[in-house]
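Please keep the sequence and the structure open beside them as you read.

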Amino acid sequence: MKQIDADSVKVIIDTNALMTAEQFGVDIFSELLRLGYIEWLVPAQVRGELRSLADGADKGRDKTAARVALGLAERCTIVGIDNCPADRAIEDLAEKEGAAVFTNDKALKKRLFSKGITVIYLRQGRYLEAMKKEY
C-alpha cells in the first residue's frame, strides 16, 4: 500500500461517507482538504439514497445523519443522473475522472482497490486516511 498521489485532487463521496460527519462528529471537508482533495463530487445516485434515508429511515439517528448529509452534499458538485445503483455510479465515475473515493463500505472498497483506485475511509472514528493498493 502507498499514500495518495500528489496530483490527486478529486474525490467522490459515498452516502455513508457523507453521513460520517453527523455520526462521528468528523469535519469531513477539513479532513479531505488535509489530504489534498479540493474537488468534491457526489453522484446523483448518492443524493437519491440520502433523500430516501432522510424520508424513510427507521432509526432517528440515521434519519438525522441523512438530513445533515444532504446539506453537506450541497457543498459538493452533484454529478450525473440517478439511473443506476450508487456503487456502480461511483466506480464508473472514479475510473472516468481518475478520482479517489471516500467510502466506508467494505465491499465497495475491495472492488475499488482491485481497480487501483485510491480509497479514503474513516480511521478510529476520528480522522480520514487515503490508501491505494497496487496489484
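**Notes on the model**

1. Let me begin with Leu122: setting aside neighbours within four places in sequence, this residue is in contact with Thr20, Phe24, Val26, Phe102, Asn104, Tyr127 and Leu128. Contact here means heavy atoms within 4.5 Å. Leu122 sits in strand β5 (residues 119-123), where helices (H or I, at least four residues) and strands (E, at least two) are DSSP runs, numbered from the N terminus. With 15% relative accessibility, Leu122 counts as buried; the terms are buried for under 20% relative accessible area, exposed for over 50% and partly exposed in between (1.4 Å probe, protein chains only). From Leu122 to Leu70 the C-alpha to C-alpha distance is 19 Å, and the two are 52 residues apart in sequence.

2. A word on the ground rules. This is a predicted model, in which local features need pLDDT of at least 70 and side-chain atom pairs count only at pLDDT 80 or more, while totals for chains, interfaces and linings use all residues. Residues are numbered from 1 along each chain as its sequence is written, and side-chain values use heavy atoms, with hydrogens and water left out.

3. Next, helix α1 (residues 15-24), whose buried residues are Thr15, Ala17, Leu18, Met19, Thr20 and Ala21. Gln23 belongs to helix α1 too, but is partly exposed, at a relative accessible area of 40%. Beyond its neighbours within four places in sequence, Gln23 is in contact with Asn16, Asp62 and Ala65. Gln23 and Ala69 are 46 residues apart in sequence, yet their C-alpha atoms are 10.0 Å apart in space. After α1 comes Gly25, which has a positive phi, near 70 degrees.

4. How many salt bridges does a search of the whole structure find? The answer is eight, a salt bridge being a side-chain nitrogen of Lys or Arg within 4 Å of a carboxyl oxygen of Asp or Glu. One of them joins the side chains of Arg111 and Asp87, at 3.4 Å from N to O. Arg111 lies in helix α6 and Asp87 in helix α5 (residues 86-97), so this pair ties together parts that are 24 residues apart in sequence. Both partners are partly exposed: Arg111 has a relative accessible area of 31%, and Asp87 has 23%. A network of salt bridges links Asp87, Glu91, Glu95, Arg111 and Lys115.

5. An α-helix has 3.6 residues a turn, so residues three or four places apart point the same way. Asp92 is partly exposed at 41% relative accessible area, and Arg88 is partly exposed at 49%.

6. Arg123 and Glu129 form another salt bridge, the closest N and O atoms being 3.2 Å apart.

7. Leaving aside neighbours within four places in sequence, Lys109 is in contact with Thr103, Asn104, Val119 and Tyr121.

8. On cysteines, the count of disulfides is zero, taking a disulfide as a pair of cysteine sulfur atoms within 2.5 Å. Cys76 is in no disulfide, and the nearest cysteine sulfur, that of Cys84, is 18 Å away. Cys84 is likewise in no disulfide. Cys76 is buried at 9% relative accessibility, and Cys84 is buried at 16%.

9. Finally, the surface. Leu33, in helix α2 (residues 28-34), is partly exposed, with a relative accessible area of 46%. Together with Val9 and Ile38, Leu33 forms a nonpolar patch that has about 260 Å² of accessible area. Patches are made of residues with over 30% relative accessible area and no salt bridge, with like charges joined within 9 Å and nonpolar side chains (Val, Leu, Ile, Met, Phe, Trp, Tyr) within 5 Å. Accessible areas come from the Shrake-Rupley method with a 1.4 Å probe, and for residues only the protein chains shown count as cover.
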